[in-house]
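Here is a short tour for someone meeting this structure for the first time. Have a look at the sequence and the model, then read on.

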Amino acid sequence: MTSTLQEGILVGCGNPLLDISAVVPLNFLQKYSMNEDDAILAEDRHMPIYGELVEDYQAEFLAGGSVQNSLRIAQWILRQPRVAVFFGCVGEDRYAGILKEKAQAAGLDVHYQVKKDVPTGTCAVLITGTHRSLCANLAAANNFTIDHLEEPSNKALVDNAQYYYISGFFLTVNPPSIMQVAATAHAKQRPFLMNLSAPFISQFYMAPLLAALPYVDIIFGNEAEAQAFAEAQQWPSGDLREIGKRLVAMEKKNPARPRIAILTQGCDPVLLIQQDSVQEFPVTKLAVHEIVDTNGAGDAFVGGFLSQFVQGKSLDVCIRCGNYAAGHIIKNPGCTYSGEPEFVE
Ligand code: AP5
Ligand code: NA
């Protein structure tokens, strides 16, 4: 990093979750009617998973939650603390302590809403080979309310930021907060970035997603998420480029700044879609023996992207840093990093 950035230039909202991660046999997934690459919300029938992972599968505890992951990675690359501010809701327990400690160690400025009588959220990460299946028990994270953003000190943080990032996952929790942040970004003509996050968001939360979308300047997603969005819109599915073009052409509040879509496709090139143009950014494919787990790759991609975007770098640099960060995280368990960042523009 060359110059010093404004503190709190980037604000994010999301679900702070502690990941409980373990390698499991396929029949463990079958027992809970889960697939190898799911990302779902826990129902009552999933609740025994968390205890079983700890008791029978030597589970690891890792800081998670999609937006918090991305912001931690951005902080790691920036090497300047407190550039990013994070809002989300936790309980008053040991897990909240672990999350806060990891976030602060990364340099993130966390402002959790604390719900005393509800446990901090967790996400089961079920690893089978190179696949990972996620089952989030939002718990306290589901209790985030807009009054937290209206507290004067938090409102000042939102008002002072220049960039805003919220996951699609947060649509299941508190759309009014998303709309308020989006409206602030719009009024101040500052970029508002969102993520499609998981197919189930397009399948079951399309109404709040469509309400937020007109405010979205940059939308991130992976292949499966883009296909799910297309299907829910009854667009012809299949061609990711076509889906991206339709996505950027949807209604936008500020037409002077056309929407951009950035779609990742694993080890295949990242697509940058702007109006009628589609650019490809190659990914350096990792050898199988280098891959620890891909959990957090998409979040790390966004983190790398944001670290450059808040410095006003070109989209080309932002995407290359996204690929760098994702590649690094894949070589580490969960969404964790090791050593110093080595991204060169
Ligand atoms: P998870 O969905 O696993 O993380 P992710 O960041 O989305 O990672 P994926 O592996 O799914 O990547 P992707 O498919 O998005 O991206 P792609 O493969 O295109 O989720 C992790 C976190 O989500 C957990 O911490 C959990 O807490 C949280 N979470 C779950 N439910 C939640 C909820 N309800 N609310 C909040 N949080 C929740 O890859 C992206 C990039 O990676 C590529 O562009 C490339 O650069 C790189 N890459 C991928 N594969 C390769 C490869 N083979 N070689 C080299 N580079 C690669
Ligand atoms: Na990883």
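Where does Q275 lie? Q275 sits in the loop between strand 13 (268–274) and strand 14. Helices (H or I, at least four residues) and strands (E, at least two) are DSSP runs here, numbered from the N terminus.

Before going further, some ground rules. This is a predicted model, in which local features need pLDDT of at least 70 and side-chain atom pairs count only at pLDDT 80 or more, while totals for chains, interfaces and linings use all residues. Residues are numbered from 1 along each chain as its sequence is written, chains are lettered from A and ligands numbered from 1 in the order in which they are written, and side-chain values use heavy atoms, with hydrogens and water left out.

Most residues other than glycine have a negative phi. Q275 is exposed, with a relative accessible area of 53%. For reference, buried means under 20% relative accessible area, exposed over 50%, and partly exposed in between (1.4 Å probe, protein chains only).

S197 also has a positive phi without being glycine, with a value near 70°. You'll find S197 in the loop between strand 10 (192–195) and helix 8 (199–204). S197 is buried, at a relative accessible area of 9%.

**The sodium site**

What holds the sodium ion (ligand 2)? Its protein donors are D293 (O), D293 (OD), N295 (O), I329 (O), N332 (O) and G334 (O), at 2.4 to 3.0 Å from the ion. Donors are N, O and S atoms within 2.8 Å of the metal (3.2 Å for Na, K and Ca), and as water is not among the atoms, sites may look incomplete.

The 6 donor atoms subtend angles of 64 to 164° around the sodium ion (ligand 2), so the arrangement is irregular. As for the cut-offs, four donors count as tetrahedral if all angles lie between 85 and 135 degrees; four count as square planar and six as octahedral if opposite donors are over 155 degrees apart and all others between 65 and 115; anything else is irregular.

Along the sequence, the donor residues of the sodium ion (ligand 2) follow the spacing D-x1-N-x33-I-x2-N-x1-G. D293 belongs to the loop between strand 14 (277–281) and helix 12 (297–309), and N332 to the segment after helix 13 (315–330), so the pair ties together parts that are 39 residues apart in sequence. Both D293 and N332 are buried.

**A pair of packed helices**

Two packed helices are described by the angle between their axes and the distance between the axes. Helix 10 (residues 223–232) packs against helix 11 (residues 240–249) at an angle of about 60°, and their axes are 10 Å apart. Axes are lines fitted to C-alpha atoms, for helices over the stretch in contact, with angles running from 0 to 180 degrees between N-to-C directions.

Which residues meet where helix 10 and helix 11 pack? From helix 10 come E223, A226, Q227, F229 and A230, and from helix 11 come L240, I243 and L247. Contact means heavy atoms within 4.5 Å. The residues of this contact divide into 6 nonpolar, 1 polar and 1 charged. In that count, Ala, Val, Leu, Ile, Met, Phe, Trp, Tyr, Cys and Pro are nonpolar, Asp, Glu, Lys and Arg charged, and the others, Gly among them, polar.

**K252 and D217**

K252 is in the loop between helix 11 and strand 12 (260–265), and K252 is buried at 14% relative accessible area. Setting aside neighbours within four places in sequence, K252 is in contact with P214, V216, D217, R257, P258 and R259.

D217 is in the loop between helix 9 (206–212) and strand 11 (218–222). D217 is buried, with a relative accessible area of 6%. Among the residues that D217 touches, not counting those up to four places away in sequence, are R190, F192, K252 and I260.

**Some pairs across the chain**

Here are a few separations, taken C-alpha to C-alpha.

| Pair | Apart in sequence | Apart in space |
|---|---|---|
| K252 and Y50 | 202 residues | 41 Å |
| L26 and I262 | 236 residues | 32 Å |
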